[in-house]
Amino acid sequence: AYYTCKLEGINKTFFNLAIRSKIYVSFFGRYSKGIRVDQWDLSPVALKSIPFAVPPLSEQRSIVSFLDAKCGKIDEWVTKKQKEVEHLQELKQRVIADAVTRGLNPHVKMKPTNIPWIKEIPEHWEIYRYGTLFKLKPVKQHHGEELLSVFLNLGVIRAAESDKRTHAASEDLSKYQLVEETDFVMNNQQAWRGSVGVSKLVGIISPAYHIFKMPNCMFPDYANYLLRSKCMVSQFEMSSRGVGSIQRTLNFNWLNNKIVPVPPLSEQRSIVSYLDAKSSKIDKLIANITKEIDCIKEYKQRLISDVVTGQI
């Protein structure tokens, strides 16, 4: 239910800032009742019981001007930091794409591939078709293993570690598939967005996913970098069709003909060591900036609450 009220003697912008501030939102929680964790009701009677501090109109206008200036600077800073995070994420993807398509030696002799998305690769690398490398695994019996899922930026993870409800409590799990370590798992309708990954866990996953056996010529950690790289995800996208902006079904007849470059196993391990180190540094920078952003956002909320209640 939604409620409306007339604002008399109150600046609308001031009221909007105040009512959405942390201190008043906490009142809503205290005065609400409900039996579900994710849904509580605030009745009109309870809403009227919440105290609301109203300064003179002239002071309300001054508060609005002050917060406009302060919050504008904070928002500008946050936008700048968010762009830094985006640039670092793009840098990480470029580093990975370069390593899995060109290797680590900048002076290595290259050979043409006649492939639009990767025109040349190191001369000593092999070229395989996806369908030749990866074979669907037969469905295996499972015995109550933990539930897994595949997420865009995380790969294969425990479903309990995600905020998303992956299945109803009453859902029949008997048709779920067994995932073993080093299996390559693909979300058939989300692969075009990068919802794929090599599993380091043992568990079960929805029958809507496809599970492939890791080929002997590929080191699992290298395959994880390669198959989740921007260049390979683009091949999943080209092999998918659909009208929605979220789900597109993968056509394996198209995907099986896509080319996959594969270096020698020893070189794969070197590339993994290099990418682990590079990715770790970039991830640490992203984590530090994200923490700064969270802190400044929290400061903004405290500032608004303190100002609209007369503490500052």
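1. Rings of Phe, Tyr and Trp (its six-membered ring) pair if their centres lie within 6.5 Å; planes under 30 degrees apart count as stacked, over 60 as edge-to-face and the rest as tilted. By that rule, ring pairs join Tyr130, Phe134, Phe184, Phe212, Phe236 and Phe252 into a cluster. The whole structure holds six aromatic pairs.

2. A word on the source. This is a predicted model: local features need pLDDT of at least 70, side-chain atom pairs count only at pLDDT 80 or more, and totals for chains, interfaces and linings use all residues. Residues are numbered from 1 along each chain as its sequence is written, and side-chain values use heavy atoms, with hydrogens and water left out.

3. Phe134 and Phe184 are tilted, at 5.5 Å centre to centre and 50° between the planes. Phe134 lies in the loop between helix H5 (130-133) and strand S6 (135-136), and Phe184 in strand S10 (residues 184-187), so the pair ties together parts 50 residues apart in sequence. Helices (H or I, at least four residues) and strands (E, at least two) are DSSP runs, numbered from the N terminus.

4. Buried means under 20% relative accessible area, exposed over 50%, and partly exposed in between (1.4 Å probe, protein chains only).

5. Now Phe212 and Phe252. Their ring centres are 5.9 Å apart and their planes meet at 50°, so this pair is tilted. Phe212 sits in strand S13 (residues 209-213) and Phe252 in helix H8 (residues 252-255), so the pair ties together parts 40 residues apart in sequence. Phe212 is buried at 2%, and Phe252 counts as buried at 18%.

6. Charges also meet rings. A charge sits over a ring if NZ of Lys or CZ of Arg is within 6 Å of the ring centre and within 35 degrees of the ring normal. Arg248 lies over the face of Trp192, 3.9 Å from the ring centre. The charged end of Arg269 sits over the ring of Phe219, 4.8 Å from its centre.

7. Last, look at Glu146. Glu146 lies in the loop between S6 and strand S7 (148-151) and is partly exposed, at 35% relative accessibility. Leaving aside residues up to four places away in sequence, Glu146 touches Arg158, Val202, Gly203 and Ile204 (contact means heavy atoms within 4.5 Å). Glu146 and Gly203 are 57 residues apart in sequence, yet 4.9 Å apart in space, C-alpha to C-alpha.
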